[in-house]
Amino acid sequence: MERKWWHSSVVYQIYPRSFKDSNGDGIGDIQGIIEKLDYLKDLGIDVIWLSPVYKSPNDDNGYDISDYYDIMDEFGTMEDMDILLSESKKRGIKILMDLVVNHTSDEHKWFIEAKKSKDNEYRDYYIWRKPVNGKEPNELISTFSGSAWEYDEASGEYYLHLFSKKQPDLNWENEKVREEVWKMMNFWIDKGIGGFRMDVIDLVGKVPDEMIKENGPMLHNYLQEMNKNSFGKHDLLTVGETWGATPEVAKLYSNPNRNELSMVFQFEHISLDKIPGKNKWDLKPLDLRDLKRVFSKWQTELEGEGWNSLFWNNHDLPRIVSRWGNDKEYRVESAKMLATLLHGLKGTPYIYQGEEIGMTNIKFDTIEEYNDIEIRNMYKDRIARGFKHEEIMESIYAKGRDNARTPMQWSEEENAGFTTGKPWLTINENYKDINVERALKDKNSIFYHYKKLIELRKENEVIIYGDYTLIDPDDKDIYAYTRELNGDKILVVCNFYSENIEFNYKDIVNKEPNILLSNYSNSSTNINKLKLRPYEAIMFRL
Ligand code: NOJ
């Protein structure tokens, strides 16, 4: 495969609302991000994925856009955005914009027009259907609970919203809609951005009348058309959010010969703690063997025909250290172990803000303290269906999106140094222990472990391009694999639990291996009989 700059890049995701507030209104903003660019440079990342900063009434915190050509008031101005682009560029950091074009806000001028009458020129920008027997056209469900159809009194028709009713779905079958999207993308490309993260992009080919949401028949045609009319002429990174992707489907998106996207986010490893066939709130215990199976499948099946993205976290997911790690006595060890495992794999790693200091999940006592529309709607829906409050709260503690959205913990000052005002979402009370200032002072912190992993990637081609082989798929406690390129071989061994355990590497190794990185001091190099401590993770060069 032809080599690309983004094969060796590491991306850092910023959720601007929670990153850094510069003006004391309790909400993170663009100037706040600019203040922290040197911190990100120090970490060593190459690209920032910026969650939406466009004008928005914030029904879904910016994923409901009312103007793609303007900036949300709370976050600043277009001038701030231009400064962010130029200041990032000075530091060799590119900016990925979040492209949210499956839907707009209901406050977008297109929808305001569309609602005016059935013959309005924007009516067909959205998806309208007549009632069937006086009811919703069909059983399509919104991700945020309830029907995906909302009745519009004035016209007597329903419009489709796969998310909140303030996020009407755009009609991609309408060529004019697609042209508006390409035009807007080109506006941002001309500003010098590094690419796009594409929100729920696998929904744009939907066929609502046949109940098809993901992977509709026209999806890949649309993406090829998008590529041709916008970023295809430039050397950009594009990553699609595709909950419905299998490796087969991912190859359609990311095989360079097809001129679609650089890569996609697949979510198979993220769905291992949900009961199959149910939704994300219905929990099942994790089994390491499942994680090994899923990661290994993706590592090997895309070989030569596509490219992986590697991530544990984003603004929709619980904190990884609270999920696969141990956020109590082994927080530091387990956060480093999870980082080592992921950053040793093949693909482009993504770090979500706060992951690099091991931020943890949050537990609020009352539902009122939660902000997220998905949580609030689900709570109402489940209470109405007879679930117990306690049971619902357990699901929220495990999977709620606000776990990832509590403000970034910068220091032990009031409000964790995030704001001088009242934070828009309660700050995790552990901020006095877990914060950036502390991490930077401690050479053994999680932060420096991430920094080292990024350096290792830059210095070792085998980490970028080496072949992946899983060791012992049936071991339920240890995840071990090798990477190999032109005779250079790396072995990564991770103990996933808090018990001591022995790992036995069976291949013959001629010389004593080097330790490239470990999360303990004095790790052993006796790989044929390796005694691992709780959550111990070692990367060897064989
Ligand atoms: C996926 C985004 O990541 C999420 O935060 C948002 O709510 C939905 N798409 C709808 O835009």
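How far does a polar side-chain atom of Asp60 lie from an oxygen atom of the ligand? The distance is 2.5 Å.

The model is predicted, so local features need pLDDT of at least 70, side-chain atom pairs count only at pLDDT 80 or more, and totals for chains, interfaces and linings use all residues. Residues are numbered from 1 along each chain as its sequence is written, and side-chain values use heavy atoms, without hydrogens or water.

**View 1. The shell around the ligand.** The ligand is surrounded by 13 residues (a heavy atom within 4 Å). Asp60, Asp199, His315, Asp316 and Arg401 are the closest. By class, the shell holds seven charged residues (Asp, Glu, Lys, Arg), four nonpolar and two polar.

**View 2. Aspartates at the ligand.** These are polar contacts (N or O pairs within 3.5 Å). Asp316 places a polar side-chain atom 2.5 Å from a ligand oxygen. For Asp199, a side-chain N or O atom is 2.7 Å from an oxygen of the ligand. The protein buries 98% of the 300 Å² that the ligand exposes alone (Shrake-Rupley, 1.4 Å probe).

View 3. An unreviewed UniProt entry annotates residues 13–405 as "Glycosyl hydrolase family 13 catalytic". The end C-alpha atoms of residues 13–405 are 12 Å apart.

Technical notes
A polar contact is a pair of N or O atoms within 3.5 Å; within protein, one must be able to donate a hydrogen and the other to accept it, and residues adjacent in sequence count only if both atoms are side-chain atoms. UniProt positions are given in the numbering used here, feature names are shortened, and annotations may be inferred rather than shown by experiment. Helices (H or I, at least four residues) and strands (E, at least two) are DSSP runs, numbered from the N terminus.
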